[in-house]
Amino acid sequence: MTPQVHAFFDQATNTISYVVKDPNSASCAVIDSVLDFDYASGRTDTKSADEVIAYVKANELKVEWLLESHVHADHLSAAPYIQEQVGGKIGIGDGITVVQDTFGKVFNEGSAFQRDGSQFDRLFVDGDSLHIGQMRADVMHTPGHTPACLTFVIGDAAFVGDTLFMPDFGTARCDFPGGSSQDLYNSIQKILALPDETRIFVGHDYKAPGRDEFAWETTVGAQKAANVHVGAGCSQEDFVALRDTRDATLAMPRLIIPSLQVNMRAGQMPEPDAEGDVFLKVPVNKL
Ligand SMILES: [Fe+2]
């Protein structure tokens, strides 16, 4: 079974959002949507999400799911906005409770902030499945980048979020709270155990040295053969050494502070104050 996949690339955050359509019906899922956010002005914009909504409407699609591969640290999710416009249930991995607990403390959210994942419509565990029309999607828990990371395997396509990137770029960082390069290696082995011809759709692309175009689609076979971090039978020990060394040199993503506060609430802003104004916090010396 071959789902129809349409990709949307967000230049500002290097994120790829996907509309995945059942070939036999109008049903689709939206994976990893983006709400534009200008940090300097504190302004949100729905331009990226509106492109997805326009595509859904133009093709008369029925959005059944708004899936999050994980709590993103580099962009805000537009899932609630898209849900309001065209429907769909918002789903994420049940590891979200761990992420909510960690960042509930970092942002000193107090008891009003629920840490049970109840902001989402559905929490998935490893081995769960969901339906997009007649098409079944299988959920694989693939932690490492974060504890809540999922891979959605839909027919011959795997949406791997931030686990593997394009073969010439490698893999996702593992240095956020709850991340683990050992876990990421094991998760990647699960993905690489899928059939070689499985199409892999990655969550981000940053180009790689020597590549002129952004890219987001590859295959399990290509990753196994040539991924610069884990290809050619790289051992766990070698991967962990490479990943941890590289992670020690990386700066925090530009939007990590707003992204976490919004995405751990399933894409909702924090509750407004008594005047109805919404604020995000900047924790000093905590990240
Ligand atoms: Fe991420």
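Predicted model: local features only at pLDDT ≥ 70, side-chain atom pairs only at ≥ 80, totals over all residues.
Residues are numbered from 1 along each chain as its sequence is written, and side-chain values use heavy atoms, with hydrogens and water left out.

**Iron site**
- His 70 (NE2), His 145 (NE2) and Asp 162 (OD) coordinate the iron ion at 2.1 to 2.4 Å; donors are N, O and S atoms within 2.8 Å of the metal (3.2 Å for Na, K and Ca), and since water is not among the atoms, sites may look incomplete.
- Along the chain, the donors of the iron ion are spaced H-x74-H-x16-D.
- His 70 sits in the loop between strand E6 (62–67) and helix H2 (79–86), and Asp 162 in the loop between strand E12 (157–161) and helix H4 (181–192), so the pair ties together parts that are 92 residues apart in sequence.
- Helices (H or I, at least four residues) and strands (E, at least two) are DSSP runs, numbered from the N terminus.
- His 70 counts as buried because its relative accessibility is 1%, and Asp 162 counts as buried at 3%; buried means under 20% relative accessible area, exposed over 50%, partly exposed in between (1.4 Å probe, protein chains only).

**Nonpolar cores**
- The largest nonpolar core has 43 residues, and Leu 130, Phe 152 and Phe 159 touch the most other members.
- H4 gives the most to this core, with five residues.
- Apart from it lies another core of 38 residues, including Phe 8 and Leu 260.
- A nonpolar core here is a set of buried Ala, Val, Leu, Ile, Met, Phe, Trp, Tyr and Cys residues joined through side-chain atoms within 4.5 Å.

**The sheet**
- Six strands form an open sheet in the order E9-E10-E11-E12-E13-E14, with mixed pairing; two strands pair if DSSP finds at least two bridges between them.
- Strand E9 (129–132) and strand E14 (217–219) stand at the edges with a single partner strand each, so one side of each has no neighbour in the sheet.
- E11 (residues 150–154) and E12 run antiparallel, joined by three bridges, and Phe 152 stands opposite Phe 159 in E12.

**His 229**
- You'll find His 229 in the loop between helix H5 (220–226) and helix H6 (236–247).
- His 229 counts as buried, at 9% relative accessibility.
- His 229 and Phe 239 are 10 residues apart in sequence and 6.5 Å apart in space, C-alpha to C-alpha.
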